Amino acid sequence: MGIKFLLHAICVWTWTTCWVLTASTDDGLVRVSLKKQPLDLKRLNAARITRVGLESNVNDQGAGIPCTISYDYGDVSGFFSVDHVKVGEIIVKDQEFIEITREAFLPFLVAKYDGILGLGFPEISVEQATPLWFSMMQQGHINHKLFSLWLSGDLTSELGGEIVFGGLDWRHFRGGHTYVPVTRSGYWEIVVGDILVESISTGVCKFGCAAILDSGTPLMAGPTQIVDQINSAIGAEGIVSMECRNVVSKYGYALWNTLISGVRPEIVCVDVGLCLYNGSQKVSGRLKTLLEDETMEGSAMGESAVCTFCEMIVFWIQVQLKQQKTKDAVFQYVDQLCDDLPNPIGKSFVNCGSLEILPDVTFTIGNKSFPLTPQQYILKVETSYSTVCVSGFVPLDVPPPRGPIWVLGDRFLSAYHTVFDFGNMRVGFAKSAN
């Protein structure tokens, strides 16, 4: 029945819905608690803003509607079904949904999700199926045509937040809400104004940019020109560049001294202790201790990657030595080459120890300022080696007339309690009570 293309944020993030039967109908509200889920690099890499094709077709017997949803990483497929759905203490009758029968989509397997609950408009759902929240309104389960979202910023709490259908909970926010109109239905789309870094304008959205509010992504995606300004201001760099710099910082002078002492270049990294073996050559006793004590503490990559960086840096130094460059010139050259390395996963990393001195990043919405502190726009992600800090800003370039556009994910939504007011086609923001 044709293919529709749309921007879609994959629902893999630090929060996942947990259907807890704590809802109360005494106040006319339906409450759904959210449960936190650990965020690691695999889940973070799955959270990509991507173009998605949606297609389906009725089979010959007319007994059902098969459906395939295609993502960059693979497909999920199944068929449309209808059943009653219990949300808290209410039952939504005859709700359309897709039963997934095949899951070739690796991030879903990694994250172990049971499914996705869309909070967008019917226009962008597969075959324009009625969303659950829309059915709740149609069947009179909620008093007001709105829902609100609160994401907890308390890292020590198991409670991740709460969705309230039919109203809002004053305990989840401070002060009043600033409301702005929904400019295009489908997504919850609004207009944002200028974005400032430490009160300095980034310029591109000074006269307004479209912005989609999306609880399905942990990140904030926007025009490359702005994101590059932000990431430069906060010292963020690609993980490959970051790890290259780590090796230079920790072992650069040791590599230099080993090379000029006459050690063959092909065994320098073994001698320094970053490669365990190189043919029959083993790590020397003196440097083996260094390796055991200091093997890239704080690294987000494994030992094999660190060894590769070491060998690459040795080659760069060797080339410069042949040109009789000074030590300072050599390391200036090496630092530049680290900076120029590609960033295949598109995300940038910062020094976790620098969060206290990083600038605020402020969005202008409805002529009011909505600042984000470093603690709010930086994600701390656990790896097998350490905790790494990831910039919450990633590039997304959508050409006019649709763009430039922002996608504001949970880094923004956890800072600001959000009301999605369908009855008045508007969205409201207030400071979150975290």
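Select residues 239-260, which form helix H5; at 1.5 Å a residue its 22 residues should span 32 Å, and its end C-alpha atoms are 30 Å apart, which agrees. The expected span of a helix is taken as 1.5 Å times one less than its number of residues. Helices (H or I, at least four residues) and strands (E, at least two) are DSSP runs, numbered from the N terminus. Residues are numbered from 1 along each chain as its sequence is written. This is a predicted model, in which local features need pLDDT of at least 70, side-chain atom pairs count only at pLDDT 80 or more, and totals for chains, interfaces and linings use all residues; side-chain values use heavy atoms, with hydrogens and water left out.

Stay on H5 and centre the view on Tyr251, where the helix has a kink of about 65°. That bend is the angle between axes fitted to the seven residues ending there and the seven starting there. Just after H5, select Gly262, which takes a positive phi of about 105°.

**The whole chain**

Zoom out. The protein has 11 helices and 27 strands. Of its 434 residues, 51% are buried (under 20% relative accessible area; exposed is over 50%, and partly exposed lies in between, with a 1.4 Å probe and protein chains only). Among contacts (heavy atoms within 4.5 Å) with a separation of 6 or more, 67% are between residues 24 or more positions apart.

Colour by pLDDT, the predictor's confidence in each residue, from 0 to 100. The mean is 78, and 75% of the residues reach 70 or more. Over residues 49-63 the pLDDT is below 50, and this stretch has 52 contacts in the model beyond near neighbours in sequence. Residues 278-298 also stay under 50, with 34 contacts beyond four places in sequence.

**An open sheet**

Next, select strands E16, E19, E23 and E22, which in that order make an open sheet of 4 strands with antiparallel pairing. Strands E16 (237-238) and E22 (378-382) are at the edges, each with a single partner strand, so one side of each has no neighbour in the sheet. Two strands count as paired if DSSP finds at least two bridges between them. E22 and E23 (residues 387-391) run antiparallel and are joined by 5 bridges. Here Lys380 stands opposite Cys389 in E23.

From Cys389, go to Asn351: the two are 38 residues apart in sequence and 6.6 Å apart in space, C-alpha to C-alpha. Asn351 is in the loop between strand E19 (348-350) and strand E20 (361-365). It is exposed, with a relative accessible area of 53%.

**Two nonpolar cores**

A nonpolar core is a set of buried Ala, Val, Leu, Ile, Met, Phe, Trp, Tyr and Cys residues joined through side-chain atoms within 4.5 Å. Select Phe165, Phe363, Trp406, Phe412 and Phe429, which touch the most other members of the largest core, a set of 57 residues. Helix H3 (residues 132-138) gives the most to this core, with 5 residues. A second, separate core has 46 residues, including Ile239, Cys275, Phe309 and Leu379.

Return to Phe429. Leaving out residues up to four places away in sequence, its contacts include Ile190, Leu213, Phe412 and Tyr416.

**Last stop: Glu158**

Select Glu158, in the loop between strand E8 (146-151) and strand E9 (159-165). Is Glu158 buried or exposed? At 73% relative accessibility, Glu158 counts as exposed. Not counting residues up to four places away in sequence, Glu158 touches Leu34, Lys35 and Lys36. Glu158 and Lys35 are 123 residues apart in sequence, but 6.5 Å apart in space, C-alpha to C-alpha.
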